[in-house]
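Have the structure open as you read.

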Amino acid sequence: MERHREIETKLDPGGETPLPDLTALEGVADIDVRELRLEAVYFDTDALALAAAGISLRRRSGGVDDGWYLKLPARDGERLELHEPLGDGDEPVPEALVDALQLFVRDGAPSPVVRLRTRRAAHRLLDAEGRALLEVAD
């Protein structure tokens, strides 16, 4: 199981605000733009115990980071993220993630509570050697 700390910044400038010229940023030599069609299924208990605790469990597909993601509150706005790869498509929540949630789910198992479909334009900013500097998703 992969683990890492995440600090994510989400900005909402408004629906009609165009992206600025990202090629004008220092060090950006090129931009790789990909359109993704993502599907995320979020899981929780019937009583929504995970959401109440600030925990999210989702199964994402359709992008470059397909998989199961469990995000747990950490400190100073960070979140601890646990990741498991996808299985065949309708597999149950991976056992390692259910084990990490035992305090919240008790003897049950999380079940789907919402499905989101998103169209995203991912702009990967590349340096002169083609290395990714960062990604801007719209």
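Start with a salt bridge: the side chains of Arg119 and Glu35 meet in one, at 3.8 Å from N to O. This pair ties together distant parts of the chain, with Arg119 in strand S6 and Glu35 in strand S2 (residues 30-44), 84 residues apart. Keep in mind that you're looking at a predicted model.

**Salt bridges**
- A search of the whole structure turns up eleven salt bridges.
- Glu35 also pairs with Arg37, where the closest N and O atoms are 3.4 Å apart.
- Arg119 counts as exposed because its relative accessibility is 56%, and the cut-off for exposed is over 50%.
- Glu35 is exposed at 53%, and Arg37 is exposed at 59%.
- Asp65 and Arg60 form another salt bridge, with their closest N and O atoms 2.9 Å apart.
- In that pair, Asp65 is partly exposed at 29% relative accessibility, while Arg60 is buried at 11%.

**The S6-S7 hairpin**
- Strand S6 (residues 111-126) runs antiparallel to strand S7 (residues 132-137), and five bridges join them.
- Leu125 sits opposite Leu134 in S7.
- Five residues lie between the two strands of this hairpin, and Gly130 in the turn has a positive phi of about 85 degrees.

**A nonpolar patch**
- Leu48, Val113, Val114 and Leu116 make a nonpolar surface patch of about 310 Å².
- Val113 belongs to strand S6 and is partly exposed, at 42% relative accessibility.

Notes:
Residues numbered from 1 in each chain as written. Predicted model: local features only at pLDDT ≥ 70, side-chain atom pairs only at ≥ 80, totals over all residues. Heavy atoms only, no water. Pairing = 2+ DSSP bridges. Helix = DSSP H or I, 4+ residues; strand = E, 2+ residues; numbered from the N terminus. Patch = residues over 30% accessible without salt bridge, like charges linked within 9 Å, V, L, I, M, F, W, Y side chains within 5 Å. Areas by Shrake-Rupley, 256 points an atom, 1.4 Å probe, with all protein chains shown as cover. Salt bridge = Lys/Arg side-chain N within 4 Å of Asp/Glu carboxyl O. Buried < 20%, exposed > 50% of the residue type's maximum accessible area, 1.4 Å probe, protein only.
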